[in-house]
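Have a look at the model first, then read on.

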Amino acid sequence: MATPIIRTEQLYHEVTSGSERLQILRGIDLSIDQGTSVAIVGASGSGKSTLLGMLAGLDRPSSGTIWLADQPISQMTEEQRAKVRAHNMGFVFQNFQLLTSLTALENVMLPLEVKGSQQAESKAKEFLSRVGLGQRLNHYPSQLSGGEQQRVAIARAFACEAPVLFADEPTGNLDGQTGQVITDLLFSLNQEQKTTLVLVTHDMRLASRCQRVLTMDSGLLKEAV
Amino acid sequence: MMLAWRLLWRQRKAGELWIMLSALLLAVATVVAIAIFAQRIQSSLLSEAGALIAADLQVSGSEPLPDSVLALAERNNLIQSQSMNFQATLITDAGLQLGAVRAVDNLYPLKGDLTISAQPFGEESLVQGGPAPGELWLVSRLFSVLGLEPGDSLRLGDVELRATQAIIREPDSAGAFFGVNPRVMMNLEDVPSANIQGAGARIRYQLSVVGSESDVQNFRSQLEAQYPELRISSPRDSSDAIANALDSGQRFLLLAGSMAVILAGVAVALASARFGHRQANTVAILKSLGLGPAAILRLYVQQFVLMGLLAISLGLALGWSLHALLLWLLRDFFPQQIAAASLAPLGLGFATGWIALLGFALPPIWRLRQISPMAVLRQNQLGAKGQWQQWLFGLLAIIALLWFYSRDAQLTLYVLLSLAVMVLLLLLVAWALLYLARQLSRSSSKFWRLGIANLYRHRRFNALQLVVFSVTLMLLYLMVLVRTDLINSWQQQVPDGAANHFAFNLYQEDLPAFERWLDEQQVQAQPLYPVIRGRFHSIAGETLEQRTANLGDRSGEFSRELNLTWSEHLAADNQLLAGQWWPQGYDDQELLVSLEESWARALNLELGDYIEVRVGGLIERARVHNIRSVDWQSFNPNFYLIFNQPLLDGFGATYLTSFYLPPEQKPSLNELVRAQPNVAIIEVDAIINQVRDIVDRISAAIEFILLLVLAAGSLVLLASVLATLDVRMRESALLRALGAGRALVRGLLSIEFLALGLLAGLMASLGAQLAIIALQTQVFDLSWRWYPSLWLLGPMLAALLIWGLGSLATARVVKIPPLWVLRQ
Ligand SMILES: Nc1ncnc2c1ncn2[C@@H]1O[C@H](COP(=O)(O)OP(=O)(O)OP(=O)(O)O)[C@@H](O)[C@H]1O
Ligand SMILES: [Mg+2]
């Protein structure tokens, strides 16, 4: 199955802060096949998060094109990209990014509701119990530990059954043991759902569990074999 | 919608939402209270425009109307009703009271409803026609004033009448609510036997007519052509006049109230900016989950609409209750029966709420949709920054509200400009004060230095506080001073033994008895001045119209009937400014006149100019012999024109004087009036009390609105303290991490707010002191004085208020654990 679900061509991104121009991405050609798992590693500030954001359509590159399943998302308006995200992508972030004002259950239901799913509640409950939080449905993020919050985030990401999952340092804020639990959870659900997984990490143990590892170096991407 | 509600509900602990909610609520309540109040009063007074003068047309004059006028009405097929209006003293054993008497025939009222009651304040019934001969009707409260039960007799002039009914409502009383004397109604047939006469009674003879529109119109134009001296009024004329007066009253109140709305708007804007800032992260997350900008906007607009609906409906309810309070404060000025409120004022409140929400709360929310979802990948939060466009929206909202309330573009512009100038000036002063405080604190203890440094650092917000509180408190202090002190000292400055009664309408033949009464009471009276009524005929060769053409509204002062007198001596409280007083002995000399200075100036008259006055059908020509100043505050009889010899040989003159009667001797007035029914007495002390009462109530109403303004100002303070809360928390955590105790942190905050309050209080006291000096010297002719208590209490109260509010808003800052700084 060699159909690329994500493909980029000559991706450049630069920002100007004040009078300085900063080149963050400097010509990235990348192709990720459906169902594979890819890790992006590299030094801090090398542009990993920026690239991830571009692939997920959170922002638009200065130049170059990004296709997601043959749709040129880099050419789309924000409104269109939001729709693509709602139907195709899930996220897990380093600092969890749960809505503090919603309960665990409501947090997981949210993207399902955005998508217009009918069984938002039952799906959300199912996935929360699969990450082991079936008893904590009505707790608020502030009442959960970091690891538990990240499990809610994972439930949220997988409940949508989106074909692509993006994760930015999912274990970055957790201790080693908890990080291991989260990693296991991530990969087992990934296996099961046959999602494409793109993750950014400093954790080489986590990276090594991916099928491919790419190294980011000052805005350029190299395949690490 | 569910999500919107859930998000909103979960943030119910966020301070900024509460501020927004209460600010909106306050704005709506203020406007609704004022608008309902004004509208109910207005519609009570205007309810039936046709009934306002109880006829289609009313003709009145100060002389009995010529038969030819009645005949003219007859020829135009009009139904006629005659009446007389005059002032007369009512006398019972319990006391006396000057009443505004209306003597009517059986046809009264030709239009509108006359409602009476058999008992004072009792059950009402509708009647056609006024009192029967021998009966007298009076407004309910007079029964107790005069110690009357229904059916009791009382004296009016030379007749005994029975007080049979209480007047609840008369159709044409609209103007009279503001009049000083209470209404009394009698039959026209009793007037001759009551023997009411003379200038003091100020009799107005009235003819009211109804008929077809064209007949009335014909009658009117014929009257205008043939009898220019008669006054003609139609319902339109009088309803317009009342409507105008009420309208400007309402607009004034609303403009005063709009200060509360504007302040509330500022609070809403500050709170909304903070809300927007804190929502940045949520928005980024929602966007990463697939919500587009439009969906984000919808979500937040829904939240604001929900909150707006809540705040506005509560505001409408609160406004409703507050208007009842306003009505109660001003209860005696208005009829007892007040029209029910309509929905229009609620609409005004509703619109106010939405304009405020749109102009002040929405801009920060509007920008939320632009937040980049990339923010979820960054550690440092990219909150939406405040932009100047946001304030443009606020400004537009302010303009819209001002225009909405005043319905007057020029006034709006004027208010806006003076507001802007005032705010800018005060900001400058505030800024300078803050700078000064900073410099001064450099050399003081570290405690104060740190506290004041805080004050200075947040100077953008603190200067705003200074302006808001100094203006509001200044107005409030001023009102309290006016109410508690100014009127008192005005009353007290009347020297002991100064005249407290005027007696007028005394006839030549009454004088011996009157003087005997004065002797008996051992009362020292001013000289008795003869009075003849007359009008200007010409002035220095010009007609009155020509001479007063450029005086505008003031020209009416000269075209009225004048009190003319003559005297051999110059009164002690008058001073000659130009010319000589005439030598004693009148005979054979040219007719000379002495002019009061302000009239001489207005009419541009100089010594040697001639004036002509028309008295009793004759025209008298007099030369201006001198010009004098008059002390109008002396409570002595004073005149604009004094002649050197009797006009018309003194024929038909009535006399007036003033005297001091100790309060305990007041009952003897009854004897005087009983013996001489013509004489009219004005109790100056009673009038002063009445003025005092009016000032009391009006300033209470204004204070009430100012308290609402103050509440709005407090919300601005809370909102702007919240805006600096994050910075303050970080600093306080840092201080505590460095080893400072809670007491120190709390102390620093206290110093900041106390200093802010002191400064605001000082500015307010200064402003109030200056304003009251202006009032004392310009309006009340008092010598100005300091108010040490103002200077002491003013800053203290302000400091307490601001310190209390500030401590409340920063309670969390003090409690923040030092660890917090590590987690940021
Ligand atoms: N909007 C922006 N404005 C200014 N600089 C930016 C912006 N976005 C990214 N950068 C800069 O671009 C560089 C790359 O940022 P990015 O977040 O992609 O790095 P990263 O590889 O994810 O680093 P880390 O491992 O620390 O998360 C950084 O130096 C960052 O400061
Ligand atoms: Mg990163």
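A crossing is called left-handed if the near helix is turned anticlockwise from the far one by less than a right angle, and right-handed if clockwise. Keep in mind that this is a predicted model, where local features need pLDDT of at least 70 and side-chain atom pairs count only at pLDDT 80 or more. Residues are numbered from 1 along each chain as its sequence is written, and chains are lettered from A in the order in which they are written.

**H8 and H9 of chain B**
- H8(B) (residues 293-329) passes H9(B) in a right-handed crossing; helices here are DSSP runs of H or I, at least four residues, numbered from the N terminus.
- The axes of H8(B) and H9(B) (residues 344-366) come within 10 Å and cross at roughly 150°, with axes fitted to C-alpha atoms over the stretch in contact and angles running from 0 to 180 degrees between N-to-C directions.
- Contact (heavy atoms within 4.5 Å) involves, among others, B:Tyr300, B:Phe304 and B:Gly308 of H8(B) and B:Gly353, B:Trp354 and B:Trp366 of H9(B).

**H3 and H6 of chain B**
- H3(B) (residues 67-75) and H6(B) (residues 213-226) have axes that come within 9 Å and cross at roughly 155°.
- That makes H3(B) and H6(B) roughly antiparallel (angles over 145 degrees).
- B:Val69, B:Leu72 and B:Ala73 of H3(B) meet B:Phe219, B:Gln222 and B:Leu223 of H6(B).

**Cysteines**
- No disulfides (cysteine sulfur pairs within 2.5 Å) turn up over all chains.
- A:Cys160 counts as buried at 5% relative accessibility, and A:Cys210 does at 8% (buried means under 20% relative accessible area, with a 1.4 Å probe and protein chains only).

Notes. Heavy atoms only, no water. Helix = DSSP H or I, 4+ residues; strand = E, 2+ residues; numbered from the N terminus. Parallel < 35°, antiparallel > 145°, perpendicular 65-115°, else oblique. Buried < 20%, exposed > 50% of the residue type's maximum accessible area, 1.4 Å probe, protein only.
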